[in-house]
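The following exercises are to be worked with the sequence and the three-dimensional model at hand. Each task is followed by a solution in steps.

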Amino acid sequence: MGALAACGSGTAEAHSYPVSFSDTEWRKRLGPAAFHILREKGTERPFTSPLLNEHRKGTFICAADGNRLFASETKYDSGTGWPSFWKPFPGAVATSTDFDIGYPRTEVHCTRCGGHLGHVFRDGPKPTGLRYCMNGLALAFVPG
């Protein structure tokens, strides 16, 4: 359970974002599993994402709206079972505090659609010391 708690669960808060759809439209666009993660703050099981082992040069984008989130050069193996990064693109993500599992964590979401991506922790590598622990289903990869 501890590993599962590392990337979160709960219900997303309502905010206004540049990319916005009704829940019905989001469900159609995303499918059940991605909808649960991106719109309901769910968490995928660790070590299940194909993006965990994605090592090509490219860009990781938001699966909901295509917003550029992370450069492949910032991805690293954290050993947690989720794709992890030490730095997002400027302005790509925002954070908020959630108490979904009884103590505060820093939730990470897409600045364009508000989709839940995962959480950020202060146990990452240099130069930032941050670990952006992301759900693979919240991301897509664009090689190049």
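Two strands pair if DSSP finds at least two bridges between them; strands (E, at least two residues) and helices (H or I, at least four residues) are DSSP runs, numbered from the N terminus. The model is predicted, so that local features need pLDDT of at least 70 and side-chain atom pairs count only at pLDDT 80 or more, whereas totals for chains, interfaces and linings use all residues. Residues are numbered from 1 along each chain as its sequence is written, and side-chain values use heavy atoms, with hydrogens and water left out.

**Exercise 1.** Determine the strand order of the open sheet of three strands, and state which strands stand at its edges.

*Solution.* Step 1: the order is S2-S1-S9, with antiparallel pairing. Step 2: strand S2 (68–71) and strand S9 (139–143) each have a single partner strand and therefore stand at the edges, one side of each being left without a neighbour in the sheet. Step 3: on average, neighbouring strands of this sheet are turned by 30 degrees against each other, direction ignored. The axes are lines fitted to C-alpha atoms, for helices over the stretch in contact, and angles run from 0 to 180 degrees between N-to-C directions. Step 4: the antiparallel strands S1 and S2 are joined by three bridges, and Phe 60 has Phe 70 in S2 as its bridge partner.

**Exercise 2.** Decide whether Thr 59 is buried or exposed, and list its contacts.

*Solution.* Step 1: Thr 59 lies in strand S1 (residues 58–62). Step 2: buried means under 20% relative accessible area, exposed over 50%, and partly exposed in between (1.4 Å probe, protein chains only). Step 3: Thr 59 counts as buried because its relative accessibility is 15%. Step 4: with contact meaning heavy atoms within 4.5 Å, and residues up to four places away in sequence not counted, Thr 59 touches Arg 68, Phe 70, Phe 89, Ala 140, Phe 141 and Val 142.
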